[in-house]
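Reader: I'd like to go through this one with you. Can you put it up first?
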Amino acid sequence: MVLVFVMSADKFKDRHGFWTNTIAREEYILKGNSSCPGCTAMIALRHIFKAAGPDTFVLVGACCAVVCEGVYPNTCMALPTLDTAFACTAAMASGVRAAVTDRGINVIAIAGDGGTVDIGIQALSGAIERNTDFLYVCYDNEAYGNTGMQRSGSTPFGASTTTTPFGKKEDKKDIAAIVGAHNIPYMATACPSYPMDLERKVKRALSIEGPKFLHVLTPCPPGWRISADKGVEVGRLAVRSCSFFLYEMENRELFMSKPSIDAMKNPIPLRDYLSVQGRFSRMSEEDMKLAQEKVNANIAYYREVCGI
Amino acid sequence: MMAECVEEEETSVYVTGCEAAARAVIIAKPSVVAAYPITPQTEIVEKLSLFIGEGRHDCQFIAVESEHSALSACIGAASCGARTFTATSSHGLLYMAEMLYWAAIARLPIVMANANRALASGWNIWADHIDSLSQRDAGWIQFYTSTVQEVYDTILIAFRVAENEGVMLPVMVNLDGFLLTHINQPLRLVDETLYQEEFLDEINVPHALNLDSPHTLGTLISPSDNYRVQHDRKLGMERAKDVIKEAERDFLRLFGREYHPVMEYRSDDAEVLLLGMGTLAKEAEDAVDMMRFRGIKAGLLRLRQIRPFPDDEIIDAISRSPAEKLVIIDRDYSPGSGGILSQEVKTRLYDAGIVKEIVNVIAGVGGQDVSAEDMMEMVELERGEHWWGI
């Protein structure tokens, strides 16, 4: 697996003055962890912790990332880390923040899509409403990956999983919109295929006091049935087809990120994104057309919101 | 010339069990309190919000959105070394069930007040011990109290027991719903400075997360290591037996009120022994007095803790008494098995090779009213299980 380190196209100072062309050398996820080959969630976490730095307390809900830490007495985490039960990641983060009151110390909660959009949504909603000063990261592999790819509320329309063997009939839950409805000070979407964009968003989030939310799309090679070296590439296809939008929202104002602005001007067909994944191989022509129409509607919506 | 008003520090008040609990918590100075309201515990949460809001003590009150989150928030804070407290009851306790086990296995010294209350279906908010007894295997130390004063004193003792380095286990202080939570009784207050300086040390959670030596709490664990962790928790619970007695001795020395794992009442020469927990067993003192007045040599054993079970104390008390008949009153029931307290006691008697006539009375469940006169009739019952009032 090749990690994308520096992309010249991203070399710029963002609108808040953060340099985005540097990546810290320090590693907070150590080698030898037990993730699957090509796991993009671990790439995402690697960049998130690099951006956060050493003064960080981490919580990890029940999700793939817990398994990836390794088996006691080993851990791949070089930051103080508290593994939590499935439904309570955000609530435990409230507790950690109540004990760790120094604003200079970050509290970052990590959970998967199942632990965020389904079983953990109540705790997440509560922590945001209470203005817990933390960053909540949902890495989204669009299914219950830890238990072997069952459908979650975040599985997209048409995807086959072990509990939707003939394709999911329902749409993906729009967690970003749900979180946005809490009037959260900062939230963003990201994808480790764009690591500079991801790190910049983490730094921006941690500079703000109060609850912050990051929704990260992380292609899962075994779950999406792609080869282990294609995770980063498929993440890019998700953005370029406008199946997934990269944006930030601050105080209810939406800022589309550059990769998605480019994609919206000339999106690739959704088929190019779906057809490379085994999980969509049973999708009918009719459903493929329907899915493209849904994407088109989203593009039209965001064009209007962002004036693009 | 202005008259000078000198405020005398109050040493005695007249309050409910809920307020007594909240007052005790403030004296122990936790840095994080997370709780969710539920009848009949709500007044504890309300009073703590008020006391913290008034600035009586610098503490973070986390108004969570569920009991599951209440205990989770305490676990998060305690994992970082903070002294924490929560309170709940009945359905709230069972909603926490997953995290009850979590807190005990993670060896976090969280203190909780639980207002004992029945469980639905069929909403019932009255006293019943099944909520906490259903969680007796979670690894929490469990106290049962019988007066407003005892609620207050036991919470003060609980923090010291939980935070003992050899114990490091969460403690649940149970108080009967309404019978203690909503009843006003006189309460003698402790000298706060004396408590903070002589009775309770600074909290030190040895495995707390910190930035200086980052470590991970709660990773995957192999069967053999999990086995060791569970065995270690057992050792902590066993050490708690002596730690509780030592704390109760110090409490007597400093504050003058006496507590033991088993509270004996006129049991030394008793021919029949009543045995129970909570307010029902306090009421039984009246039954004993009345029976003695009528010439029946009755006595009483009131258990103050069911975990760790006071094996030695209960066997010692029963052995010292000439009573051949034990009337065990259970404010709980395990369907298909029997009264839980009764089973617990019978196990210890069997281990000690003691044979007694055991009468198991299921009484007071769902808040059923049981009087001292009722208990006087219970001693007439024969061996076996009886449902009072049916």
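Reader: Which side chain does B:Glu344 meet in a salt bridge?
Author: That of B:Arg136, at 3.5 Å from N to O. A salt bridge here is a side-chain nitrogen of Lys or Arg within 4 Å of a carboxyl oxygen of Asp or Glu. This is a predicted model: local features need pLDDT of at least 70, side-chain atom pairs count only at pLDDT 80 or more, and totals for chains, interfaces and linings use all residues. Residues are numbered from 1 along each chain as its sequence is written, chains are lettered from A and ligands numbered from 1 in the order in which they are written, and side-chain values use heavy atoms, with hydrogens and water left out.

Reader: How is chain B divided?
Author: Into domain 1 (12-205 + 219-255) and domain 2 (262-387). The bounds come from an automatic or database domain assignment.

Reader: How many salt bridges between those two domains of chain B?
Author: Eight. There are also 18 residue pairs in polar contact between them, both residues at pLDDT 80 or more. Polar contact means a pair of N or O atoms within 3.5 Å; within protein, one must be able to donate a hydrogen and the other to accept it, and residues adjacent in sequence count only if both atoms are side-chain atoms.

Reader: And what area do the two domains bury?
Author: About 2200 Å² between them, 55% of it on carbon and sulfur atoms. That is accessible area (1.4 Å probe) lost on putting the two parts together, summed over both.

Reader: Switching to the chains. What do B and A bury between them?
Author: About 2600 Å², with 68% on carbon and sulfur atoms. B:Glu65, B:Leu211 and B:Leu220 supply 24% of the area chain B buries against chain A, more than any other three residues.

Reader: How many salt bridges cross that interface?
Author: One. B:Glu65 pairs with A:Arg130, the closest N and O atoms being 2.8 Å apart. Eight residue pairs are in polar contact across the interface of chain B and chain A, both at pLDDT 80 or more.

Reader: Last one. Is A:Thr40 buried or exposed?
Author: Buried, because its relative accessibility is 2%. The cut-offs are under 20% relative accessible area for buried, over 50% for exposed and partly exposed in between (1.4 Å probe, protein chains only).

Reader: What does A:Thr40 touch?
Author: A:Pro192, A:Thr218, A:Pro219, A:Gly231 and A:Val232, not counting residues up to four places away in sequence. Contact means heavy atoms within 4.5 Å.
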